[in-house]
Amino acid sequence: MPEKIIGILGGMGPEATIDLFYKIIKFTPAEKDQDHLRIIIDNNPKIPDRTTAILGKGEDPLPVLQETARNLEKAGADFIIIPCNTAHYFLSSIQKSVRIPVLNIIEEAVKETQQRIPQIKKVGLLASIGVYKTKIYHQQFKKFNIEVIYPEEKDKEEAMKAIYAVKAGDLSNEVKGNILKIAQKLIDKGAEVIITGCTEIPLILKEGDVSVPIIDPTQILAKIAVQKAKL
């Protein structure tokens, strides 16, 4: 059976898109160019800000998300992946706009967490304010009776500042330090793992940076995409 073509609905932001692409390459067993998967990337940073829209303060990103998904389908993608957690609030409407599957980074991250640590009771979530407000991780973890611990309101704002800093290209120790402080507070509240629930956060927070495991949804999505492409 021929390999499937992966479509990446990217640009939210560009470095997070590169991170997903890179992780797909690393998960692909390859000894030469021809062993790698065909991937079509629409890096569309013109998609309106998802969190701003969710908060009722900005343009609705859905029409552009749907248009970009259709572009990938027309270009020949067999399925679509989206390196933006917040955009998954709009997932059902994106899926309705195309005939090919759109994978769900939230569902895959939650399943991986439960499989990796079956007895887990509490997870700490680092994410955008849009993800916190829509509770898209909470809804999935609830199926496994796992509690999701959020930062305090002021720390949600600090996390959002760090996310926008990374989007602006700032991967400094100062930005990382701010995220580490918030992660530690979640651990102090009982978090047994940290979910990096915004695709900018894995660019600065890595496994081993904190005392509990880190679940990187981008990495999980990359692994699942490779598996699906080779089925």
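**A helix and its rings**

Start by selecting helix α7, residues 136–142: Y137 and F141 are four residues apart in this helix, so about one helical turn separates them. Keep in mind as you look that this is a predicted model.

Show both side chains. Y137 and F141 are both buried.

Next, look for other rings. How many aromatic pairs does a search of the whole structure find? The search finds three. One of them is Y89 with F90, an edge-to-face pair with 5.1 Å centre to centre and 80° between the planes. Colour these two by accessibility: Y89 is partly exposed, at a relative accessible area of 44%, whereas F90 is buried, at 11%. Now go back to Y137 and F141, whose ring centres are 6.3 Å apart; their planes meet at 25°, so this pair is stacked. The cut-off behind that word is under 30 degrees between the planes.

**The parallel sheet**

Select β1, β2 and β3 together. They form an open sheet with parallel pairing, in the order β2-β1-β3. Its edge strands are β2 (39–43) and β3 (79–81), each of which pairs on one side only.

Zoom in on β1 (residues 6–10) and β3, which run parallel and are joined by three bridges. Pick I6: which residue in β3 is its bridge partner? The partner of I6 is F79.

Stay on F79 and show K228. K228 lies over the face of F79, at 5.6 Å from the ring centre.

Then bring in helix α10, residues 217–230. Helix α10 lies across β1 and β3, and runs at about 170° to β3.

For the last stop, select helix α5, residues 105–116. At 1.5 Å a residue, the 12 residues of α5 should span 16 Å, and the end C-alpha atoms are 16 Å apart, which agrees.

Now highlight the buried residues of α5: I105, I106, E108, A109, V110, E112 and T113. What do these buried residues pack against? Their partners are β4 (122–127), α7, β6 (194–197), β7 (214–215) and α10.

How values were computed: Residues numbered from 1 in each chain as written. Predicted model: local features only at pLDDT ≥ 70, side-chain atom pairs only at ≥ 80, totals over all residues. Heavy atoms only, no water. Phe/Tyr/Trp six-rings, centres within 6.5 Å; stacked < 30°, edge-to-face > 60°. Buried < 20%, exposed > 50% of the residue type's maximum accessible area, 1.4 Å probe, protein only. Helix = DSSP H or I, 4+ residues; strand = E, 2+ residues; numbered from the N terminus. Lys NZ or Arg CZ within 6 Å of the ring centre and 35° of its normal. Pairing = 2+ DSSP bridges. Contact = heavy atoms within 4.5 Å. Axes fitted to C-alpha atoms, helices over the stretch in contact; angles between N-to-C directions. Expected span 1.5 Å × (residues − 1).
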